[in-house]
Amino acid sequence: MKKFLLMLLTAVLTVCFFAGCKKNADYLSYVSEKRDNIYLYADDSLEIRIYTSQRENPYSADGIKGDMTSLCEIYVRLPENHDDVAVKVDAVEGEMNYKAVENCYYLSFSDALKKKESVTVTLSYGGNSAEYKAASVLDDGIISCEDAVKCAVEHGKELFASLTDGNIFLGEIYVRLLYDDGCYYYVGVCDRNKKITAYLVDGERGKVIASHEK
């Protein structure tokens, strides 16, 4: 009887030991792109969108997270095309490039804008210059990038489990704030075979509302 109890105790301790050693991957540490804010101004004649992100550099969809750097992207749509369009946001300024496919002007720079409710944008074109106030689309009811990733992990349990080896995640994660009459998050999971599974998360409800594989 004593021998049986000893064997049982040993088995229980062994299970407890391995259970204690088991770790879950910290999925947030595998985020290789995080767009966490959008500043927007729009009227009948023009639109300004500013995206602030942290992204791996060089950027590569290979399932492996690289070194991260800050990135700010500015998109401007005007009622008509101009040869020279310049923009200034905070202390950063420069000449914008025209993107014919998207019919907009574009400028990016490796710098981080301080997160705030709005930023002042100065646009110069056609011999004129004007200031605009671009407001953040975020408010107190919108979940964070981190919470959006957690929603995807909960929704896609089987996928994340299949790509997790102990406390190592065999992939990389993209999370991008989107805005279209409301806030949403794109959460993309890229494995080592470059297969991407994407989730669309409602920014207010904190729920996955669509998913897609490619």
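A residue is called buried when its relative accessible area is under 20%, exposed when that area is over 50%, and partly exposed in between (1.4 Å probe, protein chains only). Strands (E, at least two residues) and helices (H or I, at least four residues) are DSSP runs, numbered from the N terminus. The model is a predicted one, in which local features need pLDDT of at least 70 and side-chain atom pairs count only at pLDDT 80 or more, while totals for chains, interfaces and linings use all residues. Residues are numbered from 1 along each chain as its sequence is written, and side-chain values use heavy atoms, with hydrogens and water left out.

**First selection: strand β13**

Select residues 183-191, which form strand β13; eight of its nine residues are buried. Two strands are said to pair if DSSP finds at least two bridges between them. Three residues lie between these strands in their hairpin, where Asp-181 has a positive phi near 60°.

Move to Arg-35 in strand β1 (residues 31-42). A salt bridge requires a side-chain nitrogen of Lys or Arg within 4 Å of a carboxyl oxygen of Asp or Glu. Arg-35 is buried yet has none, and the nearest side chain of opposite charge, Glu-73, is 5.0 Å away. A polar atom of the Arg-35 side chain does lie 3.0 Å from the backbone oxygen of Leu-177.

By the salt-bridge rule, the count comes to ten. Select Lys-34 and Glu-146, whose side chains meet in one of them (3.2 Å, N to O). This pair links strand β1 with helix α2 (residues 145-155), 112 residues apart.

Finally, select Asp-36 and Lys-115, which form a salt bridge with their closest N and O atoms 3.9 Å apart. Because Asp-36 lies in strand β1 and Lys-115 in the loop between β7 (104-109) and β8 (118-125), the pair ties together parts that are 79 residues apart in sequence. Asp-36 counts as buried at 14% relative accessibility, whereas Lys-115 counts as exposed at 56%.

Conventions: Lys, Arg positive; Asp, Glu negative; His and termini not counted. Polar contact = N/O pair within 3.5 Å; in protein donor to acceptor, adjacent residues only side chain to side chain.
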